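Subject: Structure handover

Hello,

My notes come after it.

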Amino acid sequence: MKAYLFPGQGSQFLGMGKDLYKNSHLAKKLFQLSDEVLGFRITSVMFEGSMDTLKNTKYTQLAIYIYSVIKAKTLNNFEPDMVAGHSLGEFSALAAINVFSFEDGLKLVNQRALIMQDICELTHGGMAVVFGLKDSIIEDVCKKDHGIIVPSNYNSPEQLVISGEIQSLRRVCSFLKKIGAKKIFILPVHGAFHSPIMEPAQKKFQKIVNKIYFKDSKYPIYQNVTALPVIKSYDIKKNLVKQLTSPVKWKQSIKNMMDHGAVSFTEIGPGNILQGLIKKISKNYT
């Protein structure tokens, strides 16, 4: 069975989508539609902008969504048996399989990015990738800290991301180094995504999601919040909103997809970050 995967923030690159724009009539039409729906030239940011501009959350999320969905829609043989998307990538996956329209996905991603940006500016949060410790150890250390700090991305058996208040992040990272973490990398983000700090964003985003029409999915989507296959539009909506404050259960999603028959994984979007995670997950898969 074929599984298609869609990446999240961090996979962007300068010039992304320019080749698609030049070589595909459908791609060109969808890029132009993106500019019209958003009311500004996101294509200029993607094709000719600076890396500093592209790294801004309000542009990054849109750029990755647009590129990933257009890439899926211009493939000759996009026939998934199941799909999954990492964080933001879940929106790309849902648009690619027509749970909502490309335009409605643009509106959702745009509003999500703006809301998250607002919360980031009002709070002092951050994220860090921890390598080489068991999930249970990292979870326990986070629970014992007196601030807000939680596991936020279960990326692979060797890699867990934590997210929370800056002071808590520093304390926990320092302690994890002392007890044997192989490496800790502070992510270049200005917010604590997938943590309780995003609760105000979640409430605002719920109102936006409620205005968008979702269809039941033809294909099971393994959503980040549950790591389980979902088809019903009501459940998909609920999980998309919960995703803002819940951990991304990526490792668990991939294992479940394998259990349910996935033998090939195709990444659709910029970069190949997810392919690297798949190799680590399958190597440790039993």
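Below are the notes on a helix pair, a glutamine and one further helix.

This is a predicted model, with local features needing pLDDT of at least 70, side-chain atom pairs counting only at pLDDT 80 or more, and totals for chains, interfaces and linings using all residues. Residues are numbered from 1 along each chain as its sequence is written, and side-chain values use heavy atoms, without hydrogens and water.

Helix pair. Helix H2 (residues 25-38) and helix H7 (residues 102-122) have axes that come within 10 Å and cross at roughly 50°. The crossing is right-handed. From H2, Leu30, Leu33, Ser34, Val37 and Leu38 meet Phe102, Glu103, Leu106, Lys107 and Asn110 of H7 (contact means heavy atoms within 4.5 Å). By class, the residues of this contact are 6 nonpolar, 2 polar and 2 charged.

Glutamine. Gln202 sits in helix H10 (residues 199-210). Gln202 counts as buried, at 18% relative accessibility (buried is under 20% relative accessible area, exposed over 50%, with a 1.4 Å probe and protein chains only). Leaving out residues up to four places away in sequence, Gln202 touches Val241, Lys242, Leu244 and Thr245.

Further helix. In helix H13 (residues 273-283), the buried residues are Leu274, Leu277, Ile278 and Ile281. Down the axis of H13 they fall within an arc of 105°, so they line one face of the helix. They pack against strands E1 (2-6), E4 (149-156), E5 (159-165) and E9 (264-267), and against helix H12 (250-259). Exposed Lys279 and Lys283 are on the face of H13 turned away from its buried side.

Best regards

How values were computed: Axes are lines fitted to C-alpha atoms, for helices over the stretch in contact, and angles run from 0 to 180 degrees between N-to-C directions. Helices (H or I, at least four residues) and strands (E, at least two) are DSSP runs, numbered from the N terminus. A crossing is left-handed if the near helix is turned anticlockwise from the far one by less than a right angle, and right-handed if clockwise. Ala, Val, Leu, Ile, Met, Phe, Trp, Tyr, Cys and Pro count as nonpolar, Asp, Glu, Lys and Arg as charged, and the others, Gly among them, as polar. The arc is that of the directions from the helix axis to the C-beta atoms.
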